[in-house]
Amino acid sequence: QLIEDERAIGDVSFHRNRLALAGDENIILSQAGDFFNLFVEDPENIGDADPIDIALSSDEITIIQHIIPFRKALTIFTKVGRQFELNAPETLTPNTAAITPSTAYNSIANVRPVTLNNNLYFPAKRTATTELREYYYSDSEVSNKAADVSAHIEGYLPEDIQTIVPALNNDAIMMIEPDGYTIYVYRFRWENNKKAMSAWAKYTFDSSERIVDIGIIDNNVYMLIENNDGYIVTRLPVAEDSVPSGYDYL
């Protein structure tokens, strides 16, 4: 167990009524419905509700960075740019849980992926720029894919990304770079299972005010700003037809 071996916990999540802990190449899921019970009481008689301890199997050292619930699986991102899925046919039990390879994209390891609608989004590295990947399940190919939704604006995004957040009510993804002054916005729209819009924009603010981090609540993006006076929190609307002309200081 992670706690017994004193290995660092890399990420924490919830999946199918279980608390999930990831560390090194292992994932431990608590007993079903009992989030703080991580140990099997009777190893000789393991039941369906007992905790699950499972490891990744690969030809590389696949240290787990993030575990994200997506669809009915637990999507696993590793530091070497390999993605896996922990799944089970029906009920998730110690006997049915299995980890299988999914995709291989060089994601930015320190940025936690986010889900929006039926897709999962994460930034990936390219030479001197970043690409935004849209991870989804392809019914036609019966497998997961990760389309590059920034392919048509190559070089537009910065070399590194610090934070990525979803705007749930506005079909948008927002990103910032470390020590930057710009918010990058990806907007999309689906119509009849086809993507009718895939557009990018960016809002660049005064260089005297550094964006430390951002978060979205309802229809507003909240920014922690550092300037000569210290730190302030500001708010801007996320709506597509709202062009920021100034901050709402909080």
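**Exposure, salt bridges and a sheet**

Q: Why is Arg 126 called partly exposed?
A: Arg 126 has a relative accessible area of 36%. Buried means under 20%, exposed over 50%, and partly exposed lies in between (1.4 Å probe, protein chains only). Arg 126 is therefore partly exposed.

Q: What kind of model is this, and how are its residues numbered?
A: The model is predicted: local features need pLDDT of at least 70, side-chain atom pairs count only at pLDDT 80 or more, and totals for chains, interfaces and linings use all residues. Residues are numbered from 1 along each chain as its sequence is written, and side-chain values use heavy atoms, leaving out hydrogens and water.

Q: What makes the contact of Arg 126 and Glu 154 a salt bridge?
A: A salt bridge needs a side-chain nitrogen of Lys or Arg within 4 Å of a carboxyl oxygen of Asp or Glu. Here the N to O distance is 3.3 Å. Arg 126 lies in strand E10 (residues 119-126) and Glu 154 in the loop between strand E12 (143-148) and strand E13 (163-167), so the pair ties together parts 28 residues apart in sequence. Strands are DSSP runs of at least two residues, numbered from the N terminus.

Q: Is Glu 154 buried or exposed?
A: Glu 154 has 60% relative accessibility, so it counts as exposed.

Q: How do you know that Glu 226 and Arg 210 meet in a salt bridge?
A: Their N to O distance is 2.6 Å. Glu 226 lies in strand E18 (residues 220-227) and Arg 210 in strand E17 (residues 210-217), so the bridge links parts 16 residues apart in sequence.

Q: Which residues do salt bridges that share partners join into one network?
A: Arg 126, Glu 131, Arg 133 and Glu 154.

Q: How many salt bridges does the rule give?
A: The count comes to 9. One of them joins Arg 82 and Glu 60 at 2.8 Å, N to O.

Q: What makes E13 and strand E16 (194-204) edges of their sheet?
A: The open sheet of 4 strands has the order E13-E14-E15-E16, with antiparallel pairing. E13 and E16 each have a single partner strand, so one side of each is left without a neighbour in the sheet. The twist averages 20° from one strand to the next; axes are lines fitted to C-alpha atoms, and angles run from 0 to 180 degrees between N-to-C directions.

Q: How do you know that E13 pairs with strand E14 (residues 172-176)?
A: Two strands pair if DSSP finds at least two bridges between them. E13 and E14 are joined by 5 bridges and run antiparallel. Pro 166 stands opposite Ile 173 in E14.
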